[in-house]
Amino acid sequence: RQDGMKRIHEVKPIAVMFSEYYFYLIAYMADGRKDFPTIFRIDRIADFTPTGEKFSIPYRDKFSDGEFRKRVQFMYAGKLRCVTFTYSGTSIEAILDRLPTAKILSEKNGIYRITTEVYGNGIDMWLKSQGDKVTVEK
């Protein structure tokens, strides 16, 4: 961690993913305090001890790394949310490529109103990086 603090977590690992130059462990917190996956950068895991405990996830809640990847930006986890914004840039395709769950709600004079479903706040960083081409609805 950037603040030098060490933390101990008991987790239920569900996937390993590669994104943005790093490998990540995707896991549910064992205590159930979060109902969405947590993301841990593997190179920051100092030590681990298997508990030997088994867990199961109901099939209807089965983790899909493909669906997760569509909804997470910069590997920032959090609750699943819907974000609506307008885009006035030159390439709507670039937006749709970056946000696979995005849907165009309307278009008028080259200004697109878009909605997308994402996990966490990573989307906020990305939208801000688009400058005045993007306006997020409250």
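This is a predicted model: local features need pLDDT of at least 70, side-chain atom pairs count only at pLDDT 80 or more; totals for chains, interfaces and linings use all residues.
Let me start with strand E3, which is covered on both faces: Thr38 and Phe40 on one side, and Ile39 and Arg41 on the other, are all buried. Buried here means under 20% relative accessible area, exposed means over 50%, and partly exposed is in between, with a 1.4 Å probe and protein chains only. Strands are DSSP runs of E with at least two residues, and helices are runs of H or I with at least four, numbered from the N terminus.

Residues are numbered from 1 along each chain as its sequence is written, and side-chain values use heavy atoms, with hydrogens and water left out.

Now the sheet around E3. Three strands form an open sheet, ordered E1-E2-E3, with antiparallel pairing. Strand E1 (11-19) and strand E3 (38-41) are the edges; each has a single partner strand, so one side of each is left without a neighbour in the sheet. From one strand to the next the twist averages 30°, where axes are lines fitted to C-alpha atoms, for helices over the stretch in contact, and angles run from 0 to 180 degrees between N-to-C directions. Strand E2 (residues 22-29) pairs with E3 in the antiparallel sense over four bridges; the criterion for pairing is at least two bridges found by DSSP between two strands. Isoleucine 26 stands opposite isoleucine 39 in E3.

Next, the pockets. On a 1 Å grid over the protein atoms alone, a pocket is an open set of points with protein on both sides within 12 Å along at least five of seven lines, whereas a cavity is a set where a 1.4 Å probe fits but cannot get out; lining residues have an atom within 4 Å of a point. Grid points are joined across faces, edges and corners, and a volume is the space filled by probe spheres set on the points.

The largest pocket has a volume of about 1700 Å³. Its lining has 37 residues, and the closest to its centre are His9, Ile39, Phe40, Arg41 and Ile45. Which strand gives the most to this lining? E3 does, with four residues. By class, the lining of the largest pocket has 19 nonpolar, six polar and twelve charged residues. Nonpolar covers Ala, Val, Leu, Ile, Met, Phe, Trp, Tyr, Cys and Pro; charged covers Asp, Glu, Lys and Arg; the others, Gly among them, are polar.

The second largest pocket has a volume of about 240 Å³. It is lined by 13 residues, and Tyr28, Lys62, Phe63, Ser64 and Tyr119 lie nearest its centre.

Last, backbone angles. Most residues other than glycine have a negative phi. Glutamate 20 has a positive phi, near 45°. Glutamate 20 is in the loop between E1 and E2 and is partly exposed, at 32% relative accessible area. Asparagine 109 also has a positive phi, near 55°. Asparagine 109 is in the loop between strand E5 (103-108) and strand E6 (111-119), and at 72% relative accessibility it counts as exposed.
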